[in-house]
Amino acid sequence: VCSHVAGAKGTLTGMDQMPIELRSPLRKFSFAGACFVLVGLYLHLALRAYLASHLAATPDLSNLKRAIRLEPSNAEYRELLGRSLALSGANLNDAIANYRTAVHLNPYVARYWLDLAGAYQVAGRTSEQEQSVEQAVEADPTTPHVAWEAANFFLVQGDQERALRNFRVVLANDPEAVDSALQLCWRATGDANQILDRALPRRPDLYLSFLRLLISKQEVAAAENVWNHLIALNQEFSTKLAFPYFRFLIAKQEVAAAQTAWQQLAVLDRSLQPYLPSRENLIVNGGFEENLLNGGFDWWYESKPHVILAIDTSEFHSGTRSLSVTFDGQSASEAGISQFIPVKPNTDYEFSAESRTEDIESASGPRFAIVDAYTNASYVLTDDLLGTNPWRVQHARFQTGPNTNLVLLKIVRQPAGPLIRGKLWIDDLRLVEK
């Protein structure tokens, strides 16, 4: 009974696990033979793949053909053979045939389609080239170099819409190609609206790149259009990136546009609110209480030989800061700081400024000057500042000319030649309409 039960248990175990019985010699031999055949087949295939890869590593015609014989379903070897035939000029039709086989074996590699398109181009088969380019984009719609090839093809064909659509992929994904892509877009269309609508992703950095291009081309209307679209994005960007646009507008005498742009930027970036002129003072940051922006309608400054500019927090007329100007004893024609101020034609204005001097020695001291920004006609030239003096105010009144809409305030020396040593502080500069 016990042996019967044990046998029953063994049967149940066999039903649960279904082991392969190898007790007979024939079954053992058959199993070993099957394993040997499978291992041999695997080694054969692996060896063929290895040999084919080794041959393709030196991609001359003979090696590539042998690699294809070893692995006829490998699309890469077909593509390499097609490329080798195309580059050697041996047989363009054979090159096209191999490219076609490659894309048939693997239609999901954009490079294969682009190489086929290139061969069609050489053969003058434009419609087939177009189809291959479209297939490349379909296979890989987001890779920049594929989109670049497609965009240039459609440009040559005069298909601006599809070209711009592909340039949009380039602009969105390849920062290094942005300037080149925008150049081609502008050269092809000359239309900022088309580029904005079809090619430019809605990103401030790309709009600013386009703006820089238009500034370099001296395209005033197009630049203003792009600026307005940039503001309409309602996305913050670094204020300094907009300064070339303001300088461009001022250089083009587009003062009203520059004022509007400055106000728009201040709405977008609330930190610019203290840099807006007011009826009480048309000079921005006249007390130097805010950081100097070096652009827009704030102070512009540049390094000048023998002059040192600095914000001084220990000496001031009001507030907590002033601007100090130190002369080292050599000749210096001006201090190197200035501000553009929009004004009205034929209008009376009053200027005032507080200043303090310490040991200024020269035959020609520094002066405040206000001139027409475009004609350089002088409106204000204060007395020169010499010696050591406490804080004191200087006043000047003037009327702008019939065509003056922008003046430039600066610190100059007149005459500029004599040597100068000493230190000047300035604070509380004001310009008001009377």
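Tutor: Bear in mind that this is a predicted model. Let's start with a helix: the buried residues of α7 pack against α6 and α8.

Student: Which residues of α7 are buried?

Tutor: They are Gln-129, Ser-132, Val-133 and Ala-136. The label takes a relative accessible area under 20%.

Student: What makes the buried residues of α7 line one face of the helix?

Tutor: Look down the axis of α7: its buried residues fall within an arc of 100°, so they sit along one face.

Student: And how do you know that the span of α7 agrees with what it should be?

Tutor: Its 14 residues, at 1.5 Å a residue, should span 20 Å, and the end C-alpha atoms are 20 Å apart, so the two agree.

Student: What about the largest pocket, what is its volume?

Tutor: About 410 Å³. It is lined by 16 residues, and Ser-278, Leu-282, Pro-342, Lys-344 and Glu-433 are the closest to its centre. Two or more residues come from each of α15 (255-268) and β10 (419-433), with α15 giving the largest share, 3 residues. This lining splits into 9 nonpolar, 4 polar and 3 charged.

Student: On to the backbone. Why is Phe-288 called buried?

Tutor: Its relative accessible area is 0%, and the cut-off is under 20%, so Phe-288 qualifies as buried. Phe-288 lies in the loop between α15 and β1 (300-301), and its phi is near 60°, a positive value in a residue other than glycine.

Student: Why does Asp-428 count as partly exposed?

Tutor: Asp-428 comes out at 22% relative accessibility. Buried needs under 20% and exposed over 50%, so at 22% Asp-428 is partly exposed. Asp-428 is in strand β10 and, although not a glycine, has a positive phi of about 50°.

Student: Which peptide bond is cis, with omega near 5°?

Tutor: The one from Gln-414 to Pro-415. You'll find Pro-415 in the loop between β9 (406-413) and β10.

Note on methods
Residues are numbered from 1 along each chain as its sequence is written. This is a predicted model: local features need pLDDT of at least 70, side-chain atom pairs count only at pLDDT 80 or more; totals for chains, interfaces and linings use all residues. Side-chain values use heavy atoms; hydrogens and water are left out. On a 1 Å grid over the protein atoms alone, a cavity is a set of points where a 1.4 Å probe fits but cannot get out, and a pocket is an open set with protein on both sides within 12 Å along at least five of seven lines; lining residues have an atom within 4 Å of a point. Grid points are joined across faces, edges and corners, and a volume is the space filled by probe spheres set on the points. Helices (H or I, at least four residues) and strands (E, at least two) are DSSP runs, numbered from the N terminus. Ala, Val, Leu, Ile, Met, Phe, Trp, Tyr, Cys and Pro count as nonpolar, Asp, Glu, Lys and Arg as charged, and the others, Gly among them, as polar. The expected span of a helix is 1.5 Å times one less than its number of residues. Buried means under 20% relative accessible area, exposed over 50%, partly exposed in between (1.4 Å probe, protein chains only). The arc is that of the directions from the helix axis to the C-beta atoms. Contact means heavy atoms within 4.5 Å.
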